[in-house]
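Let's take a friendly walk through a protein chain. Have the sequence and the picture ready, and follow along as we go from the overall build to single side chains.

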Amino acid sequence: MITFEAEQGRFNYRVVGIALHGDRVLLHQAEGEDFWTLPGGRGEFLEPSTDTLRREMREELHVESQVERLVWFVENFFEYNGRRWHELALYFLMTFPEDYPLYGADEPFEGHEEGVKLIFQWFRLDELQGLPLYPSFLKTALASLPAGTEHVVHSDTGHIIGRR
């Protein structure tokens, strides 16, 4: 995993998948957490980002995913568990096979990552404003994905401090 500790905090490189099905998006949380994120994971050294995303979906959901296109390059600054984080993340639009049985799931379902139980759930895009979803720019941004790739600089306050 490409992550390291520094005196100022922790650096993390993450690859994220945006799975949409109709007017719903797939989110997940680790068991016991009180917030949601898009699924994905940390890249490995010398592993292309699209391979990272496909690997993470195989590990967490036992499904082959198709990586469609890069939507956002995000510089994310936040605090988690009393630690400051500097995260660089690539957000890709992805799809699952059309016959994927969990596309239509109305109830939460489980996945696993390195001994951590993950809870996955499909949420309507118009429900996101009321969710503890991080990074918080996603609450509005997921409803209208850009046609091209956008660079987003986001702070933990939920305020986008720069967009190119």
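Helices (DSSP runs of H or I, at least four residues) and strands (runs of E, at least two residues) are numbered from the N terminus. This is a predicted model, in which local features need a pLDDT of at least 70 and side-chain atom pairs count only at pLDDT 80 or more, while totals for chains, interfaces and linings use all residues. Residues are numbered from 1 along each chain as its sequence is written, and side-chain values use heavy atoms, with hydrogens and water left out.

**The whole chain**

The chain holds 2 helices and 10 strands. Read from the N terminus, the order is β-β-β-β-α-β-β-β-β-α-β-β. The C-alpha trace spans about 45 × 30 × 30 Å along its principal axes. For 164 residues, a compact globule would have a radius of gyration near 15 Å, and the chain agrees with its 15 Å. That radius is taken over C-alpha atoms, and the globule rule is 2.2 Å times the number of residues to the power 0.38.

A residue is called buried under 20% relative accessible area, exposed over 50%, and partly exposed in between (1.4 Å probe, protein chains only). By that rule, 48% of the 164 residues count as buried. Contacts (heavy atoms within 4.5 Å) also tell a story: among those between residues at least 6 apart in sequence, 61% join residues at least 24 apart.

**The nonpolar cores**

In soluble globular proteins, nonpolar side chains tend to be buried together. A nonpolar core here is a set of buried Ala, Val, Leu, Ile, Met, Phe, Trp, Tyr and Cys residues joined through side-chain atoms within 4.5 Å. The largest one has 23 residues, and those with the most contacts inside it are Leu 27, Leu 38, Trp 72, Tyr 91, Leu 128 and Leu 142. Among the elements that give two or more residues to this core are strand S3 (24–30), strand S5 (66–80) and helix H2 (138–141). Apart from it lies another core, of 21 residues, including Phe 11 and Tyr 103.

Which residues does Leu 27 touch, not counting those up to four places away in sequence? Its partners include Trp 36, Leu 38, Ile 119, Phe 123 and Leu 133.

Helix H1 (residues 49–61) has 13 residues and reaches 18 Å from its first C-alpha to its last, close to the 18 Å expected at 1.5 Å a residue. That expectation is 1.5 Å times one less than the number of residues. Among its buried residues are Thr 52, Leu 53, Arg 55 and Met 57. After H1 comes His 62, whose phi is positive, near 55 degrees.

Side chains of opposite charge can pair when their charged atoms come close. A salt bridge is a side-chain nitrogen of Lys or Arg within 4 Å of a carboxyl oxygen of Asp or Glu, and the whole structure has 11 of them. Here are some of them:

| Salt bridge | Closest N to O distance |
|---|---|
| Glu 47 and Arg 55 | 2.8 Å |
| Lys 117 and Glu 110 | 3.1 Å |

Lys 117 is partly exposed, with a relative accessible area of 25%, and Glu 110 is partly exposed at 46%. Elsewhere, salt bridges that share partners join Glu 47, Arg 55, Glu 56 and Glu 59 into one network.

Is Arg 55 buried or exposed? Arg 55 counts as buried because its relative accessibility is 15%, whereas Glu 59, at 34%, counts as partly exposed. Glu 59 and Arg 55 are 4 residues apart in helix H1, so about one helical turn separates them.
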